[in-house]
Amino acid sequence: MSEVLAPAPASVPYSISGSTPRKAAKIALIGNPNSGKSSLFNHLTGLNQKVGNFPGVTVDKKTGVSQLTPNLKAQVIDLPGTYSLYPKSLDEKVIIDLLHDKKSSSYPDVLIITADASNLKRNLLLFTQLADLKIPAVLALNMMDVAEKHGIKIDVAELQQALGVPVIPVNARTGSGLAALKILLSQELEVSETTFFPIPENLLVMVRQIRYYFELSNDYLAWHYAHQYHKLSFLSEDDKAYIGELVKKYDFHSNAQQASETVDRYTRINGLLLDAMRVTKAENNEQFSNKLDQILTHKIFGYLIFFGVLFMMFQAIFAWAAYPMDLIDQGVATINAWVHTQADGPLIDLLTDGVLAGLGGVLIFIPQIALLFAFIAVLEETGYMARVTFLMDKIMRKFGLNGKSVVPLISGVACAVPAIMATRTIDSWKDRMITIFVTPLMSCSARLPIYTVMIALVVPETYFLGFLSLQGLVLMGLYLIGFLAAIFSAALLKWVLKTKERSYFIMEFPTYKMPRWKNVGLTIVEKVKAFVFQAGKVILAISVILWVLSSYGPGNAMQQAEERATSELTSLHLNDADAEAHIAGQKLEASYAGQFGKFIEPAIRPLGYDWKVGIALLTSFAAREVFVGTISTIYSVGDSENISTVKEKLMAEKDEFGQPFFTPARAFSLLIFYVFAMQCMSTVAVVYRETKGWKWPILQMLYMTGLAYASAFVVFRLFS
Amino acid sequence: MQLFIKSLNKKRKVQQEQKSVRDLKIGEKGVICCLTDPEMSLKLLEMGCIPGEEVKLNSRAPLGDPITIIVNDYTLSLRLDEAATIKLKA
């Protein structure tokens, strides 16, 4: 490469030795939470972002490509925000797995360490640890403007001198300083000569043994091996045993050593900041934030405002999202119909009713996900999410949940899919898993059609005191049962779930800030992409399977059913729509889905269901509202859009003794079943994607189906 | 520097006499003396709760728990039982 590099601008008082341009490098972004790391990542990569997986953890691996100079690109990886190199959560563990393993494919050539200038002391703790690892690094000093407002003056040249790496003031909000940062990154950087924490003399022998055994480049890395060998997933059992023995032999106590290391580092940082930082206004300057907090975390107004925000959010995903969702629905239907006019045949059916319908089932969630994450991103960006946790922590903790669990739980009333994606904001692994586990128990909007039909069927339209509808009360009761099941399941899981990780609340309480709209936009894009490409394929696969099951039957059973149904038509005197429905119903009975319904009938008979309901249980796994459609097909309802038509048909349905099939006992049993059952492949897919594995979705399905089965059984016995 | 109070007997006695961040009133300040929970102390130290630093109780949540404190010129939020492990100098 023969590019001419611009000389370092005047604002970069750092001379780069041997400014040879490098090949596309791997850059890792690392820094404290709230230090502007994500904004910087967004500025560096724009839309060139990709979300992947770190092995074994639930945290997303965000990578992107940054154009450093017109002909030099670099790969940038965004690491989870952390306060130190000693991970306190499973998510932070990916950092040491990456930085402590030189053979890792993502091992960075350069680190961009972000620091909040208005909170420099604490941010430098992580910096000094990273500097001691001797990886070439740049310090991106963010929020200088905020620091200045707080009366903090930082002498960048002095700081650079003390730290031994280039320090670039940047403004992640406006993007200023970014050009200088990019130019610097396009050149060879050297490691800091300064060692901030010397390994204690008495342990140096042990550290050196580890260092030479693993051929590590410096003592501090070996020191970390001694501290965290049991957490490093790339070490073999033999390696771990080797370090374990050394640690025992030299009487090395990780906790005590870590504590004194942190204290030593702070002492060192305090010393170097004496020269590099001047604080003119001594008192805390977060007056604006404090004033706002007096209202937003107020005993009464705080909760009122919070419930107002929740209500708005709920409205957005429940009501506003309905318009674009209808458009997507109609769009897919139009394309489907158009394809059918062009060609015909089993392959075309697979394409339209299988693949296209499945695709529609994926796309339909986009409006809800986009809207919910627009809200969540703004709440996070402004700092309000920290207040939500602050307000709700005491109540939610009793049930093993986190203050932040409120947002997913309430969103779950609209739809569990975006709600489960929203659990990403919960830091503690255990709290997050519990929230994911119980969120689908909240009655979502897809259950509403089933509730409406079943209630209309068996609950009389009576009113108490002239305005309290009995049907309305039953509906409310169902929502309440779902909610209670969610919180009590959470409390149960709190006891069952064992974790080594301790859950802390200790966190920075950020000051209020204006949201950065670019970040909000990119969050929406990222979440939609993650859903469509990762959960989407599972949804698509299941919906194709379900389609095959309900459109094909063993041998020529389907064809025979169609012929039989057609011949029956003459004696039945039906209108066109009902005639079509009659044929469809007969065909469905003959299909694999019909076989399945009959196959599971013995299992669902104790709940009061027959094979027809069995079919609906299978097909409604695509989405709960499909239940009504399937029931309409089986009972040959021509106009399934009209609830009263469906109701009439269902009421006319007789069991083998000539009595009405849908007794209150059967209807309530079905209602309770649908309150609890995990009848939703999209939820399964999104739990798979959020937990990065099949263990949780399967456990969840077993639990919810078990709960549904047992409760439906009890309800059926009680009412009949 | 002694960070943990090792002897259990001593710890119990100290806890009765010694004030912790939990006992501060809103706006009241204190100086950190030591941290009593070895594992949690690692997190607190990283967050800047170093013995010798000044802390101020900034606010309480409406239900009394969690609280926010000001330490190292920034606001930190934590639960009461976490705050109770930060002992103050008399």
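Predicted model: local features only at pLDDT ≥ 70, side-chain atom pairs only at ≥ 80, totals over all residues.
Local features are given at pLDDT of at least 70 and side-chain atom pairs at pLDDT 80 or more, while totals for chains, interfaces and linings use all residues. Residues are numbered from 1 along each chain as its sequence is written, and chains are lettered from A and ligands numbered from 1 in the order in which they are written.

Chain B has three helices and five strands; helices (H or I, at least four residues) and strands (E, at least two) are DSSP runs, numbered from the N terminus. Along the sequence, the pattern in chain B is α-β-α-β-β-β-α-β. Of the 90 residues in chain B, 42% are buried. Here a residue is buried if 20 or more other C-beta atoms lie within 10 Å of its own, exposed if 12 or fewer, and partly exposed in between, with C-beta atoms placed from the backbone. Two residues are in contact if their C-beta atoms, placed from the backbone, lie within 7 Å. Among contacts in chain B between residues at least 6 apart in sequence, 54% join residues at least 24 apart.

The strands of chain B take part in a sheet that also includes a strand of chain A. Six strands form this open sheet, in the order β12(A)-β4(B)-β3(B)-β2(B)-β1(B)-β5(B), with antiparallel pairing. The edges are held by β12 of chain A and β5 (86-88) of chain B, each with a single partner strand, so one side of each is left without a neighbour in the sheet. Strands count as paired if DSSP finds at least two bridges between them. Strands of a sheet pair through backbone hydrogen bonds, either parallel or antiparallel. Between the chains, β12(A) and β4(B) (residues 74-78) are antiparallel over two bridges, and M507(A) stands opposite S77(B). Within chain B, β3 (residues 67-71) and β4 pair in the antiparallel sense over five bridges; I70(B) has T75(B) as its bridge partner there. The loop between β2 (54-60) and β3 of chain B holds P66(B), which is joined to D65(B) by a cis peptide bond with omega about 0 degrees.

How many residues does each chain give to the contact? Chain A supplies 32 residues and chain B 31 residues. On the side of chain A, the elements that give two or more residues are α3 (120-132), α10 (254-276), α16 (384-397) and β12 (507-508). The largest share, six residues, comes from α10(A). The residues on this side of chain A divide into 14 nonpolar, eight polar and ten charged. In this count Ala, Val, Leu, Ile, Met, Phe, Trp, Tyr, Cys and Pro are nonpolar, Asp, Glu, Lys and Arg are charged, and the others, Gly among them, are polar.

Chain A is divided into domain 1 (26-185), domain 2 (201-279) and domain 3 (531-719), with bounds from an automatic or database domain assignment. The centres of domain 2 and domain 3 of chain A, taken over C-alpha atoms, are separated by 60 Å.

Helix α5 (residues 156-163) of chain A has V156(A), L159(A), A162(A) and L163(A) as its buried residues. They cover an arc of only 125 degrees around the axis, which puts them on the same side of α5(A); the arc is that of the directions from the helix axis to the C-beta atoms. These buried residues pack against α3, β6, β7 (152-154), β8 (167-169) and α10 of chain A. After α5(A) comes G164(A), with a positive phi near 80 degrees.

A nonpolar core is a set of buried Ala, Val, Leu, Ile, Met, Phe, Trp, Tyr and Cys residues joined through C-beta atoms within 7 Å. The largest such core has 200 residues, and L671(A) is one of those that touch the most other members. Leaving aside neighbours within four places in sequence, L671(A) is in contact with Y451(A), M454(A) and L478(A). Another core, of 14 residues, lies apart from it and includes Y229(A) and L235(A).

R689(A) lies in helix α30 of chain A and is buried, with 23 other C-beta atoms within 10 Å. R689(A) and F531(A) are 158 residues apart in sequence and 8.0 Å apart in space, C-alpha to C-alpha. K692(A), in the loop between α30 (681-691) and α31 (695-719) of chain A, has a positive phi of about 55 degrees although it is not a glycine.
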